[in-house]
Amino acid sequence: MTLSLIGLSGSLRRRSYSTAVLLTLRDVLPDDVRLDVRSLEDIPLFNDDLDGEDAPVSVVALRRAVAAADGLVVISPEYNHGMSGVMKNALDWLSRPGMNSCLRDKPALTMTASPSALGGVRAQQQLNETFIATCSRLVIRRQIVIGMVAEKVMDGRLVHPPTLDFVLEGFRDLRDVCG
Ligand code: FNR
């Protein structure tokens, strides 16, 4: 059976390393795994007043896509030791209505990437904490932190085979969680 996944990158940057990792994975995953990489560009700043029946179209579409998917793959850069505001904002929208959102019970694999040696590990801590708050099924495994990412991405693709293998292990673990 095909595994249908949604991929979200916390960077809107055209030459983003984080997005490059997701796009590489999309291209190399086995035929029975489909990774739909969605941009967060159109997601407005979270405002509870805008939510409800008239929620922004982009938010409704993303919620529907996540609800229909078997699992979620998120990668964020680290900004000032936290996940990017773009990622946190999207997760806040997806987390509503609280305790009954499209994130509830949704398998989620988290990753971070950074040009520094630490690979955004502090941002990943926050990501994981957020998925605990949303009652998602966080994939518990060795953390996928991609350090020195600038040396591992070329022309918008991850070109470092050991890193790619390591990340693909994470997908196998995600598949196990999806059941
Ligand atoms: C950064 N960067 C950064 N890197 C890091 O490892 N830890 C950090 O705390 C920060 N803080 C930070 C704050 C801000 C505002 C910016 C713009 C950048 C560097 C960051 O990892 C780098 O710009 C990445 O290339 C961003 O990810 P994308 O866009 O390549 O996916």
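Predicted model: local features only at pLDDT ≥ 70, side-chain atom pairs only at ≥ 80, totals over all residues.
1. The ligand is surrounded by 15 residues. Ser 11, Ser 16, Ser 18, Pro 77 and Ser 114 are the closest of these.

2. Helix H1, spanning 17-28, and strand S4, spanning 78-79, each contribute at least two residues to the shell around the ligand.

3. The largest nonpolar core contains 45 residues. Those with the most contacts inside this core are Val 21, Val 66, Leu 72, Val 74, Ala 90, Leu 94 and Met 111. Helix H3 provides the largest share of the core, namely six residues.

4. Leu 72 may be examined individually. With neighbours within four places in sequence set aside, Leu 72 is in contact with Leu 5, Ile 6, Leu 8, Val 66, Lys 106, Pro 107 and Ala 108. One of these partners, Val 66, is also listed among the core residues with the most contacts.

5. Ser 101 is located in the loop that runs between helix H3 (85-94) and strand S6 (107-113).

6. Beyond its neighbours within four places in sequence, Ser 101 is in contact with Leu 94, Ser 95, Arg 96 and Thr 134. Val 21 lies 80 residues from Ser 101 along the chain, and the C-alpha atoms of the two residues are separated by 27 Å.

Terms used
Residues numbered from 1 in each chain as written. Helix = DSSP H or I, 4+ residues; strand = E, 2+ residues; numbered from the N terminus. Contact = placed C-beta atoms within 7 Å. Core = buried A, V, L, I, M, F, W, Y, C linked by C-beta atoms within 7 Å. Buried ≥ 20, exposed ≤ 12 C-beta atoms within 10 Å, placed from the backbone. Near = placed C-beta within 6 Å.
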